Amino acid sequence: MSDLHEEMSRTSSSAPKLRIDAILEAMDDDDKASLLAALNDDGVQNQRISHVLTDRGWPVSWSAVRNWRARN
């Protein structure tokens, strides 16, 4: 068995892809622009974005929205 600590401590050259990034890549240009506008609007709550995306077939948690906003 390999050394788990060694394997886990290896650094990756890139951060893991966030769920919101995957959704944005799969959306058409109009929906992508609309989602980006909502994500960049501090007046739109994480929970609301999560709810609307999930209702439209893009299941995502509010914490995934929060993580995307924190990184971007």
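These are my notebook entries on a predicted model of one protein chain.

**Entry 1. Confidence**

I began with the confidence of the prediction. The protein chain has an average pLDDT of 90, and 90% of its residues reach at least 70. I then asked which helix has the lowest confidence and which the highest. The lowest is helix α1, residues 4–9, with a mean of 73, whereas helix α4, residues 46–55, stands highest at 98.

**Entry 2. Salt bridge**

I looked next for charge pairing. Side chains of opposite charge can pair when their charged atoms come close. How many salt bridges does the structure hold? I found one. Its partners are K17 and E25, whose side chains meet at 2.8 Å, N to O. I also looked up the accessibility of both partners. K17 has a relative accessibility of 53% and is classed as exposed, because the cut-off for that class is over 50%. E25, at 55%, counts as exposed as well.

**Entry 3. Negative patch**

Which residues form the negative surface patch? I recorded D28, D29, D30 and D31. Of these I examined D28, which sits in the loop that runs between α2 (19–26) and α3 (29–39).

**Entry 4. M27**

I stayed in the loop between α2 and α3, where M27 is also placed. Is M27 buried or exposed? M27 is buried: its relative accessible area is 10%, and the class requires a value under 20%.

**Entry 5. N40**

I moved to the loop between α3 and α4, which contains N40. With a relative accessible area of 54%, N40 is exposed. What separates N40 from R69 in sequence and in space? I noted 29 residues in sequence and 7.7 Å from C-alpha to C-alpha.

N67 belongs to helix α5. Its relative accessible area is 36%, and N67 is therefore partly exposed. I compared the position of N67 with that of N46: the two are 21 residues apart in sequence, and their C-alpha atoms lie 9.7 Å apart.

Where is N72 placed? I located N72 in the segment that follows α5 (62–71). N72 is exposed, since its relative accessibility is 55%. I also looked up the separation of N72 from L39, which is 33 residues away along the chain. The distance between the C-alpha atoms of N72 and L39 is 9.5 Å.

Technical notes:
Residues numbered from 1 in each chain as written. Predicted model: local features only at pLDDT ≥ 70, side-chain atom pairs only at ≥ 80, totals over all residues. Heavy atoms only, no water. Patch = residues over 30% accessible without salt bridge, like charges linked within 9 Å, V, L, I, M, F, W, Y side chains within 5 Å. Areas by Shrake-Rupley, 256 points an atom, 1.4 Å probe, with all protein chains shown as cover. Salt bridge = Lys/Arg side-chain N within 4 Å of Asp/Glu carboxyl O. Lys, Arg positive; Asp, Glu negative; His and termini not counted. Charge placed at Lys NZ, Arg CZ, Asp CG, Glu CD. Helix = DSSP H or I, 4+ residues; strand = E, 2+ residues; numbered from the N terminus. pLDDT = per-residue confidence, 0-100. Buried < 20%, exposed > 50% of the residue type's maximum accessible area, 1.4 Å probe, protein only.
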